Amino acid sequence: MRPLRNPVVISVLSAVFAAYLRFVFATLRWTREGQENAAAVAAMRDEKGVIICFWHARIPLSPAAWKQGPERQPVRALISHSSDGEFIARAVGHIGFPAIRGSSKKKTDPAKNKGGEQAFRDMIKWVQTRGGVALTPDGPRGPAEVMQLGVVSLARFTRAPVLMLGLACRPCLRLGTWDGTVLPLPFGRASIVWEGPFEAPRDADPEALAADWGRRLTAVTERAEALLAKQP
């Protein structure tokens, strides 16, 4: 039996992993760039929600980028209904980020809808009530660092600003997953880079806009890596 299919194992390991991340975040030396971009969107908390994008491989670093509090939009994370998603949802929940559960339809079997349609409706409702959604536009199954159309559709429906988030850390472990998940190690260095906000015009070509945003998200992630490379 796979460990992450056992509810008890998921419950225990997710709590342990959340505690590990809190410890690591407290020991990292952070470099931040473009924080004013995030602050400008947070200042609109009484008027607009927000959509925050980062690549799937950077999930373990993402909770450190947006502290929950009354001075900014409350953020929920879009997480798949898979057993791995259940583990991630519980872990980020321990850190203070509730989940919206669901994922896109499987291309090889469109009949298998992993709650994606309901999740999309939930996200629209949440963002339209001035909440924030954090999501990985290449997840939950890839291809890695290829932006799917969901982010563009959500932005067009809600008219919410979109922030691109680049995350990096050293030293780290690169897991043997489809996306090469980055797992931060204690007492290292980490960087957060923000770009945006961006908007999705209703008359924009969805595929062209997704391709453009994907390039921007890769660029901001590479910028986060470059910031660390410059440091001793």
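Is Phe87 buried or exposed? In this predicted model, Phe87 is buried, with a relative accessible area of 16%. Its ring partner, Phe17, is partly exposed, at a relative accessible area of 21%; the two residues thus receive separate labels because the limit for burial is set at under 20%.

A pair of aromatic rings is described by the distance of the centres and the angle of the planes. The structure contains 5 aromatic pairs. One of them joins Phe17 and Phe87 in a tilted arrangement, with 5.6 Å from centre to centre and 35° between the planes. Phe17 belongs to helix α1 (residues 7-27) and Phe87 to helix α3 (residues 83-95), so this pair ties together parts that are 70 residues apart in sequence. Aromatic rings also meet charged side chains: Arg72 lies over the face of Trp66, at 5.8 Å from the ring centre, and Arg76 lies over the face of Trp126, at 3.6 Å from the ring centre.

Strands of a sheet pair through backbone hydrogen bonds, either parallel or antiparallel. Here, 7 strands form an open sheet of mixed pairing, in the order β1-β7-β6-β2-β5-β3-β4. Strand β3 (residues 75-79) runs parallel to β4 and is joined to β4 by 3 bridges. Within this pairing, Leu78 has Ile100 of β4 as its bridge partner. Helix α1 lies across β1 and β7 (182-198), running at about 80° to β7.

Conventions
Residues numbered from 1 in each chain as written. Heavy atoms only, no water. Phe/Tyr/Trp six-rings, centres within 6.5 Å; stacked < 30°, edge-to-face > 60°. Helix = DSSP H or I, 4+ residues; strand = E, 2+ residues; numbered from the N terminus. Buried < 20%, exposed > 50% of the residue type's maximum accessible area, 1.4 Å probe, protein only. Lys NZ or Arg CZ within 6 Å of the ring centre and 35° of its normal. Pairing = 2+ DSSP bridges. Contact = heavy atoms within 4.5 Å. Axes fitted to C-alpha atoms, helices over the stretch in contact; angles between N-to-C directions.
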